[in-house]
Protein chains: 2
Amino acid sequence: MIFTAQIKVMPLKNLLDPQGKAVMGGLVNLGLTGVNDVRIGKYIELTIEAENETIAKEKAEEAAKKLLANAVMEMYEIQIGQ
Amino acid sequence: MIFTAQIKVMPLKNLLDPQGKAVMGGLVNLGLTGVNDVRIGKYIELTIEAENETIAKEKAEEAAKKLLANAVMEMYEIQIGQ
């Protein structure tokens with residue numbers, strides 16, 4: 001079966017997010033007010049072929065842990081769909 | 001009121017995603033099988049101060065259109081929460 005794993009990788013809450021700060025500055029320069037904070041992360045969609053949802057989730061977890069997220073400064077969330 | 005806008009920016013479906021292809025190669029090198037496709041985008045969280053949800057969504061749309069997404073090669077989705 002084919003599953004889709006949606007993985008969200010975000011910088012940890014208590015760490016600085018320089019990319020977010022830069023975008024924040026850009027928004028102010030554009031005259032867009034009312035935005036108090038910007039945080040930027042990655043969004044990854046994996047198409048996984050697996051026997052069932054549990055195995056698909058394990059594969060997505062392994063991919064996130066080994067390659068996609070750096071646990072020292074990022075957190076990740078995985079959602080599995082079909 | 002404070003709203004959170006979650007903006008997902010992804011490369012258009014019919015365009016190549018070189019970053020995704022690179023990650024795909026990395027997963028194969030790690031010995032992780034069963035992943036057929038990888039697509040990588042950005043995930044942006046804006047904290048917006050606005051009178052109501054409609055205004056917050058308008059601000060998020062404006063930010064996405066003017067700064068966060070490149071309409072020629074990317075699509076975006078916005079979700080507003082509190």
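Tutor: In this predicted model, at least two residues of the lining come from each of β1 (2-11), α1 (18-29) and β2 (35-49) of chain A, and from each of β1 (2-11), α1 (18-29) and β2 (35-49) of chain B. Helices (H or I, at least four residues) and strands (E, at least two) are DSSP runs, numbered from the N terminus. The lining has 26 residues, and G41(A), K42(A), Q19(B), G41(B) and K42(B) lie nearest the centre of the pocket. By class, 16 are nonpolar, four polar and six charged; Ala, Val, Leu, Ile, Met, Phe, Trp, Tyr, Cys and Pro count as nonpolar, Asp, Glu, Lys and Arg as charged, and the others, Gly among them, as polar. The volume of the largest pocket is about 440 Å³, taken as the space filled by probe spheres set on grid points, which are joined across faces, edges and corners. A pocket is an open set of points on a 1 Å grid over the protein atoms alone where a 1.4 Å probe fits, with protein on both sides within 12 Å along at least five of seven lines; lining residues have an atom within 4 Å of a point.

The second largest pocket, of about 260 Å³, has Q6(A), Y43(A), Q6(B) and Y43(B) among its lining residues. That lining divides into four nonpolar, four polar and four charged residues.

Residues are numbered from 1 along each chain as its sequence is written, and chains are lettered from A and ligands numbered from 1 in the order in which they are written. Local features need pLDDT of at least 70 and side-chain atom pairs pLDDT 80 or more, while totals for chains, interfaces and linings use all residues; side-chain values use heavy atoms, with hydrogens and water left out.
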